[in-house]
Amino acid sequence: LFGGIYPFYPQQRKAAAFDISTTTVIVVFLALACSFLLIAPGIRGRARLYWTLRVLLSLFVGVVIVVVQFTGDWETGWVQANTSYKSFSPVQVSADIGLHIGLAGVNVTLRGNPVTQINETIDYNEHFPWSFGADYERSYSQGLHKGLPSPILYVAEKLSRQSPCAVHRQYRIAAHYASAMLWAAFCTWIISNILFSMPVLVYGGYMLLVTGAFMIFSLLSFSTVRNSPMCLIQIGSRTLHTAYGGSFWLMLAIGLLCLVVGMTIVAMHHLNLDLLKTFFDLREDKAEEYQEMPEVFINPPLGNKGL
């Protein structure tokens, strides 16, 4: 031992603290938000409040559309049970087993209760990808070779291609189409922001409606998996049940928000266009609109006396 560490052996796998892709996306959108806040004091009058509200709300919608592509809590479930820790061993441990399903794959979490038991730290978070281009079976085989705890391998095997549950293909296809719908929503979100910067606000509202529709379609695509019967995941004497997670409900809220804002903009275009232009800072001054000349200066020596 060297300071409590085995120098020539791989260390125990730790639970993931954060996802790199999610953190990168959040940092990029935070940088955009901070950049706008730095220039916001240069906007005069009430338009500063309108600009701040529009930009921050738009950035929040954009970051949610991208971040949920990488999150793993579209569907989640937890169970606390006494279960065997290793194969071919009668020793049992008390642990919390979690299942976190996302668009890119599934995370299986095993956390001891307490964390330290049988002279080991029981704290695992293993990812098994099923997106197109990824090999779920290979990840599962690597888990077998590494000797992962039995509860993790058991839950991962239930979602594998060879499992009698037969849900692997349904989850994979549903997640693929939900991801495609979200990328389409991200494109229409960009187009709507471009249209809002021009005097064609009603078309920006239409594109915001399309953005919300794509979000709702992604939720419908993912929810089709719930129509098929899910086999029981029995761990000890307890059963692991799953339900829609935070990413699903957040996407539902943002999709409904886009639909409401889009319908409001379209309605305001037909009912009160001046108020809508004022909110988007596109209303022109009356003097500039009618090309009025407030004062006329005439040089008397050169001017016509008849004038």
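Colleague: What makes W74 and L99 stand out in the largest nonpolar core?
Modeller: Of the 68 residues in this core, W74 and L99 touch the most other members. Such a core joins buried Ala, Val, Leu, Ile, Met, Phe, Trp, Tyr and Cys residues through side-chain atoms within 4.5 Å. This is a predicted model: local features need pLDDT of at least 70, side-chain atom pairs pLDDT 80 or more, while totals for chains, interfaces and linings use all residues. Numbering runs from 1 along each chain as its sequence is written, and side-chain values use heavy atoms, without hydrogens or water.

Colleague: Which residues does L99 touch, leaving out those up to four places away in sequence?
Modeller: E75, T76, G77, V106, N107, V108, V155, L159, I233, L240 and T242. Contact means heavy atoms within 4.5 Å.

Colleague: How much of the protein counts as buried?
Modeller: 39% of the 307 residues. Buried means under 20% relative accessible area, with a 1.4 Å probe and protein chains only.

Colleague: Why are α2 and α7 called oblique to each other?
Modeller: Helix α2 (residues 47-67) and helix α7 (residues 246-271) pack at about 140°. Roughly parallel is under 35 degrees, roughly antiparallel over 145, roughly perpendicular 65 to 115, and the rest is oblique. The pair is therefore oblique. Their axes, lines fitted to C-alpha atoms over the stretch in contact, are 11 Å apart.

Colleague: Which residues meet there?
Modeller: L57, F60, V61, V64 and I65 in α2 meet L250, M251, I254, L257 and C258 in α7.

Colleague: How much helix is there over residues 177-196?
Modeller: That stretch is 100% helix, with end C-alpha atoms 28 Å apart. An unreviewed UniProt entry places a "transmembrane region" there, one of several.

Note on methods
Buried < 20%, exposed > 50% of the residue type's maximum accessible area, 1.4 Å probe, protein only. UniProt positions renumbered as here; feature names shortened; annotations may be inferred. Helix = DSSP H or I, 4+ residues; strand = E, 2+ residues; numbered from the N terminus. Axes fitted to C-alpha atoms, helices over the stretch in contact; angles between N-to-C directions.
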